[in-house]
Each structure stands twice: as structure tokens, then as C-alpha cells.
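Welcome! Have the sequence and the 3D view ready, and let us walk through this structure together.

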Amino acid sequence: MQRNDESMQRELTDYLAAFVSERRRGRMEEVLAQRTRFIAVLLEDLYQPHNASAVLRSCDCFGVQDVHIVEGRNAYRVNADVDMGASGWLTMHRYGDMDAGLRALRQRGYRLVAATPHRDDCSLDDLPVDRPLAVLFGTEEAGLSDGALAAADEYVRVPMYGFSESFNISVCAALILRELTGRLRAVGGDWGLSAEEKAALRLEWYRRSVRGVAHVERRFMEARGA
């Protein structure tokens, strides 16, 4: 049954490809080649749409595919003018509480790294990228909750040399992701997506790109007697 599903997925992908320009398909392949799940991001209760959306844009720009969103107290809202469509290319995981989010990350094999200026465990420059890690970011004012900090395996801070105590959350995320993804690509290794993951995302992105995709897929299924 799984083989049949995989075969149908490949056929549907090939079918939808005819409705996507060659240039756009080429761009998708370039992006897929740089996507990673070796690094993930978790956002806890961000409530300012501008910052929430800017983090998504940074994830897309630096090739981080998965964003885990905890909405225990605040609903996560996207500002379309800031997001610029970035969220449509990412895989978003939503949780009603932090315990569920942390549990999901651990099940996926991530070590949990809390971004906070209040712990001196590790400067960003010294944080190793030798195994999958999920960076946890908290609210703009309060930072991460006590529960998130207690659950973290490590703490990371961005070096600062001025009077300000911390960076804006979206700036902090951009700095950390730039450093970690850059170092990941520099050292090489198996940080990219698997063939199966690329296939699933390729189909998802084709669907996003085809106008009237529901009607197009219906024709595809009818032609196969499904």
C-alpha cells in the first residue's frame, strides 16, 4: 500500500510539474538542495506579528525548514508585509503548550538549545553543530519560560558589547541562524534533506504554485479512476 501511495505521489508530482514553469521548478530544486532539518527553531508565545513574521523569513532565507510554534498564552500571528510569503515554504508545527513542543523535538532527536542572554554556558561562536539541534526563542520581553529553560540541554548567547541587555528577538534569531547554518554548510556532512523529504516538499510546493490546484488534482484522480 505504501508503494502505491509513493507511486501516486510521484505521478501527481510529475503531472503538476507541467503547470509550473521550468524556471520556477529550477528555483525550487536549488532551494531544496539547501534545505535542512538538522537545525530547527522553536518559538514560545511570540505575540508581536512583526517579530514573529521576521523570524519565519529568516528561517526561509537560511534554509531552516521546520518551525515549531508554542501558543500557550499568545496566538501566533503572521504579518504578511513582513513575512513576504516565507511561511508558505516552511513546515509549521503548532502546540498548545511547551511540554508538547519539547517532547516532539526530543522524539525527533534534537538537542535543545535555549537562546538567552542570562546564562553563560556557551557563546554563539562556540556552540557546536555536531548533531541536530533545536534553538528555542522566547517572548520579546520575558524571554523563555522557566520550564523551557529548565528543559534545555544547553544555553547560547549572542556576544554583545554595548549597554543593551539583549537583541530584538527577530534580530537574535537571524544572527544565530546565520552563524549556525553557515558553519553547518562549511563543515559538510549529512545536513540536507533525504530524497523522500525532498519529494514530499516538492509536491507541496508544486501544489502551492498551481492556480486552481484542487480542480487540477481532481482531473488527475478522475483520469486514474480514483
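## A histidine and its surroundings

Setting aside neighbours within four places in sequence, His 93 is in contact (heavy atoms within 4.5 Å) with Asp 66, Val 67, His 68, Ile 69 and Arg 108. His 93 lies in strand β3, residues 91-95; helices (H or I, at least four residues) and strands (E, at least two) are DSSP runs, numbered from the N terminus. With a relative accessible area of 16%, His 93 is buried. Here buried means under 20% relative accessible area, exposed over 50%, and partly exposed in between, using a 1.4 Å probe and protein chains only.

## How to read the model

This is a predicted model, in which local features need pLDDT of at least 70 and side-chain atom pairs count only at pLDDT 80 or more, while totals for chains, interfaces and linings use all residues. Residues are numbered from 1 along each chain as its sequence is written, and side-chain values use heavy atoms, with hydrogens and water left out.

Leu 180, leaving aside neighbours within four places in sequence, touches Ile 39, Leu 124, Leu 127, Val 129, Leu 133 and Val 135.

## A covered strand

How many of the residues of β4 are buried? Five of its five are. Arg 111, Val 113 and Ala 115 are buried on one side of β4, and Leu 112 and Ala 114 on the other.

Strands pair if DSSP finds at least two bridges between them. Four bridges link β4 to β5 in the parallel sense, with Leu 112 opposite Ala 134 in β5. β4 also runs parallel to β6 (residues 154-156), joined by three bridges, and Ala 115 stands opposite Val 156 in β6.

## Two packed helices

Helix α2 (residues 22-34) packs against helix α8 (residues 195-209) at an angle of about 145 degrees, with the axes 11 Å apart. Axes are lines fitted to C-alpha atoms, for helices over the stretch in contact, and angles run from 0 to 180 degrees between N-to-C directions.
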